[in-house]
Structures are given as structure tokens and as C-alpha cells.
Amino acid sequence: MTTTQQSAALIPDDVARAAVLPESYTDEKNVTYPAFAWLRKNNPLGVAQLDGFDPIHLVTKFDDLISIERRPEIFANAPKNPILNSQADDAFIRSLTGGSIRSIDVVTYMDPPEHTTIRRLINPWFRPGNVKQFAEQVRGLAKREVDRLFDYDGECDFAKDFGLLYPLRVIMTLFGLPPEDEPKVMKLTQEFFGTNDPEEQRAEVAMTPDAAARMWTAAVADFNAYFHQHTMDRRANPTDDLLSIIANSKIDGEFIDERYANGEYIAIATAGHDTTSATLVGAMLALIENPDQLRLVQNDMSLVDRLVEESIRYVSPVKHFMRTAVQDAEVRGQTVHEGDRFMLCFPSANRDEEKFGPDSHDFDVTVDRGKHAGFGFGPHQCQGMMIARLELKILFEELLPRLGSVELNGTPRYTQTNFVGGLKSLPIRFRHA
Ligand code: HEM
């Protein structure tokens with residue numbers, strides 16, 4: 001028995017599988033959320049010991065998640081993988097990198113002081129005062145996208161035909177990338193987050209045991225190659241777009257190493273796309289299932305800010321990040337040990353009855369729920385949260401007043417992922433107001 005198992009109660013296998021495995025997230029209502037509710041009540045910091053995985057503490061309570069995230073000196077993102085992989089997949093990555101789990105130089109793989117230095121380079125760009133200036137540009141995009149939605153003549157797949165495109169277009173506009181590159185950037189971000197979903201895998205690797213890790217590596221190589229030319233271009237011809245800000249960032253008077261620039265592009269392109277898509281599409285399903293909530297917002301558009309926050313809490317598009325204890329510590333009065341791994345279960349924290357009340361499973365824009373866990377906490381808290389809020393708010397403002405009725409027109413389907421994602425298909429039937 002490992003140290004981890006001695007100090008925490010083992011989670012029953014069926015519950016552990018329901019909370020951890022990517023396939024469980026394809027039926028979150030019947031599989032993952034009931035498992036999280038059971039864990040919060042019976043074993044909120046227990047250890048999942050699944051075949052092929054390291055033992056991991058599942059952090060399912062809101063307060064525990066904050067307490068871990070706010071102690072980065074104890075609960076680090078490195079040196080183990082900040083994203084949960086099987087032992088075989090992690091071994092495969094290490095075999096490619098010569099031993100490191102860090103296949104890309106993205107901020108999520110870093111701890112202070114490196115994390116602080118890199119994140120600081122573009123922090124000013126993400127501050128509310130700067131983000132505000134893009135509101136009209138984003139509104140223009142939102143209006144065009146809503147016009148496009150109504151061109152579908154009353155029926156579409158809201159995930160595939162709408163939800164994926166709008167956030168991608170926003171992020172590409174902010175970056176300053178040409179619209180004709182859209183299919184390429186779309187495919188790359190999908191591959192990053194859809195590695196466990198058989199439908200998202202590259203055909204040539206889909207049948208091999210190392211498929212997910214191989215696909216990840218291939219996506220990284222494609223990303224790096226794609227952005228290299230843009231870095232060179234912006235260094236030669238600086239502009240005021242985000243690409244140029246990153247490409248021309250300097251440490252000690254020197255341009256940042258290209259691996260850091262690539263890491264920043266990857267972080268923003270991937271984190272800024274599927275998260276917002278999943279929130280938007282999940283919010284649409286919640287509004288279809290709760291038509292009273294849709295009417296409430298349509299009749300009082302001042303509720304839109306509440307709708308944005310409730311959508312992020314309710315959908316929780318980021319399913320987990322991992323932390324590793326670098327020294328012994330206490331969480332929930334329980335001793336945890338150096339080397340222990342923690343899966344921060346954001347969807348569970350966001351349904352914690354102790355924080356959000358007995359109706360935490362309801363989608364309700366009339367209640368002020370206070371702070372939610374959807375963007376995380378501490379030094380790794382979502383860097384793009386002001387952008388995410390802005391683009392969701394503007395989209396709802398443009399879409400909802402024009403929406404007369406909306407209903408399901410088929411079965412919603414979820415991406416098979418325990419990392420970032422949500423609905424990949426939401427067939428709807430709708431009418432103009
Ligand atoms: C509703 C949409 C979004 C949600 C729910 C979301 C959520 C999150 C979460 C939970 C984290 C990890 C926090 C942690 O480890 O404590 C994160 C990190 C991050 N997000 Fe977001 N995000 C969203 C949209 C965006 C957008 C639009 C961007 C960029 C434009 C973005 C950029 C980032 C970056 C760069 C990080 C890494 C921060 C770090 O490790 O220091 N996100 N996000």
C-alpha cells in the first residue's frame with residue numbers, strides 16, 4: 001500500500017471510474033455528477049486507484065479546491081503532468097522528451113518563478129481596461145454570427161454550426177490571424193482537447209495504444225510550425241494585435257525564446273476556444289431545458305451578467321487540472337504527502353451544496369450564487385476570463401432578443417473528455433422572435 005492510500009479512504013471503483021474516465025463525461029447527468037455528489041457527501045478527498053493510472057486524490061469540495069490552488073508553493077503544477085493521463089501515456093511523452101513531462105512550454109506546466117515571469121509578459125493585455133476596447137469588434141462578430149444562425153432556416157446543430165465558430169472567430173480576430181486559416185486553427189484546437197474522443201483522433205493513429213499521446217505530439221508540432229512564420233513576420237513588422245505582443249515580448253532586453261512564444265499561442269488558442277464554445281452550447285441546452293429562465297432573461301436583459309456566470313458555473317467546461325504536493329501538508333484536516341497527486345474537479349466544486357445550497361444542481365439566473373470555481377483560483381486562475389465574459393455577454397445580448405422559441409431537435413451528445421469540453425452536438429429547432 002502506498003503512502004497516499006494509508007492517509008485517505010479509497011474510493012469505490014465504480015465511483016472512481018465515473019469521476020475520472022473520459023468516457024464517463026459523455027453522460028455527465030447520469031454518471032459524473034451523481035458520482036461527484038456521492039464523493040462530496042461520503043469521501044470528498046478520497047483516493048481513486050484505477051488500473052493504469054497513478055493513485056489520485058479527487059478534490060470535489062469548493063473549499064478544498066480553493067485551499068489547494070492558493071498554496072502553489074505546496075501544490076505545484078510541475079513536475080508531474082498537470083493534466084491527467086494514463087501512466088502509459090505519460091511514459092510515452094517522457095520517451096519523446098528525454099524524460100520530461102513538459103512537452104510544451106505552456107504556463108499550465110510551470111510554477112513560480114518561471115510561471116510568474118512568463119505570465120506577466122502578457123498580463124496587461126488581459127486586464128479589463130484593455131479588453132474593454134475590443135467590445136465593439138466582438139459585437140460586430142456576434143451580430144454577423146447571429147445573422148448566420150438565422151440563415152439556417154429554423155434548424156441546425158448549435159454546437160457544430162454555431163458554438164464552435166464564434167469563439168474561434170473572436171480569438172483569431174484578437175490574435176490578428178487571417179480568416180482563411182480558420183479551418184486549420186479549428187482542427188488544431190480540437191485535436192488538443194479531443195484526444196480521448198475516438199471521433200477526434202487522427203485516422204492514422206486511431207488504432208494504436210499510444211493514440212492520444214501521439215496525437216497530442218503531432219498537434220504540438222503542427223502548432224509550432226504554423227506559428228513560427230507568424231512570429232518571424234510580427235518581429236519584422238510589429239502591429240498591435242496579440243500575436244505581435246507575444247512575438248515581441250522581451251525578457252532582460254532579449255526576445256523571448258520561441259518555445260515560450262509558441263507556448264503562449266497554444267495556451268490562448270486552445271484555452272480560449274473550446275472553453276467558451278462548450279459554455280455557450282451548454283448554456284443553450286440549459287435554457288432549452290429551463291424555458292422559464294430564458295424568458296426571464298429575455299424580459300430583463302440586465303440579467304445577462306448573471307446568465308454568463310451561471311452558465312460557466314453550471315457547464316464547467318474545464319473538467320480538471322492536476323496538482324502535485326511537493327511537501328507534506330494538510331487539507332480538510334487530513335495529512336497529504338509529498339508526491340501525492342490531486343485532481344481538481346471543477347464541475348464538482350461548482351455543484352457543492354455547502355457553497356451553492358441544496359439547489360446547486362439547478363440552472364437559476366435569479367439567485368446570486370457568488371464566486372464560482374469555473375475559472376479556478378490562485379496564480380493559475382484563467383488569464384482570459386475577462387475575454388470569456390465579454391464574448392459570452394455580447395453574444396447573449398445579440399442572440400436572445402431575436403430568439404422567439406427554441407427546442408431540442410435530436411439527442412445532445414458530449415465529447416469524450418475529462419479535460420476540456422462539453423456538448424459536441426446539440427440539434428435545435430428555433431424561430432425568430
Ligand atoms: C468560459 C470560458 C473559460 C473558462 C471556464 C476557463 C477556465 C479556465 C480554468 C479553470 C483554468 C485553469 C485555472 C487553474 O489552474 O486554476 C484556465 C486557465 C487558462 N485560461 Fe481559461 N477559461 C475560459 C476561457 C479562456 C479564454 C477566452 C482565454 C484566452 C483568451 C483563456 C486563457 C487561459 C490561459 C492562458 C490559462 C492558463 C493560466 C495559467 O496557467 O497561468 N481562457 N481557464
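Trainee: In which loop is the place of Arg332?
Mentor: This is a predicted model, in which residues are numbered from 1 along each chain as its sequence is written, local features need pLDDT of at least 70, and side-chain atom pairs count only at pLDDT 80 or more, while totals for chains, interfaces and linings use all residues. Side-chain values use heavy atoms, with hydrogens and water left out. Helices (H or I, at least four residues) and strands (E, at least two) are DSSP runs numbered from the N terminus. On that numbering, Arg332 is found in the loop between strand S8 (329–331) and S9.

Trainee: What is the phi of Arg332?
Mentor: Most residues other than glycine have a negative phi. Arg332 is not a glycine, yet its phi is positive, at about 50 degrees.

Trainee: Is Arg332 buried, partly exposed or exposed?
Mentor: Buried means under 20% relative accessible area, exposed over 50%, and partly exposed in between (1.4 Å probe, protein chains only). Because its relative accessible area is 40%, Arg332 is partly exposed.

Trainee: Why is Asp153 classed as exposed?
Mentor: Asp153 lies in the loop between helix H8 (135–150) and strand S4 (155–157), and its phi, near 65 degrees, is positive in a residue other than glycine. Asp153 is classed as exposed because its relative accessible area is 70%.

Trainee: Is His337 buried or exposed?
Mentor: His337 sits in the loop between strand S9 (334–336) and strand S10 (341–345). Its C-alpha is 9.4 Å from that of Thr324, 13 residues away in sequence. Because its relative accessible area is 18%, His337 is buried.

Trainee: What is the omega of the peptide bond that joins Pro112 and Pro113?
Mentor: Most peptide bonds are trans. The bond from Ala78 to Pro79 is cis, with omega near 5 degrees, and Pro79 is in the loop between strand S3 (75–76) and helix H5 (87–97). Pro113 belongs to the loop between H5 and helix H6 (114–126). The bond joining Pro112 and Pro113 is also cis, with omega at about 5 degrees.

Trainee: At what distance is an oxygen atom of the ligand from an N or O atom in the side chain of His380?
Mentor: A residue is near the ligand if one of its heavy atoms lies within 4 Å of it; 28 residues surround the ligand, and His380 is one of the closest. An N or O atom in the side chain of Arg323 is 3.0 Å from a ligand oxygen atom. For the side chain of His380, the distance is 2.7 Å.

Trainee: With which residues is Asn224 in contact, leaving aside its neighbours within four places in sequence?
Mentor: Asn224 is in helix H12 (residues 211–236), and contact means heavy atoms within 4.5 Å. With those neighbours left aside, its contacts are Asn262 and Ile266.

Notes: A polar contact is a pair of N or O atoms within 3.5 Å; within protein, one must be able to donate a hydrogen and the other to accept it, and residues adjacent in sequence count only if both atoms are side-chain atoms.
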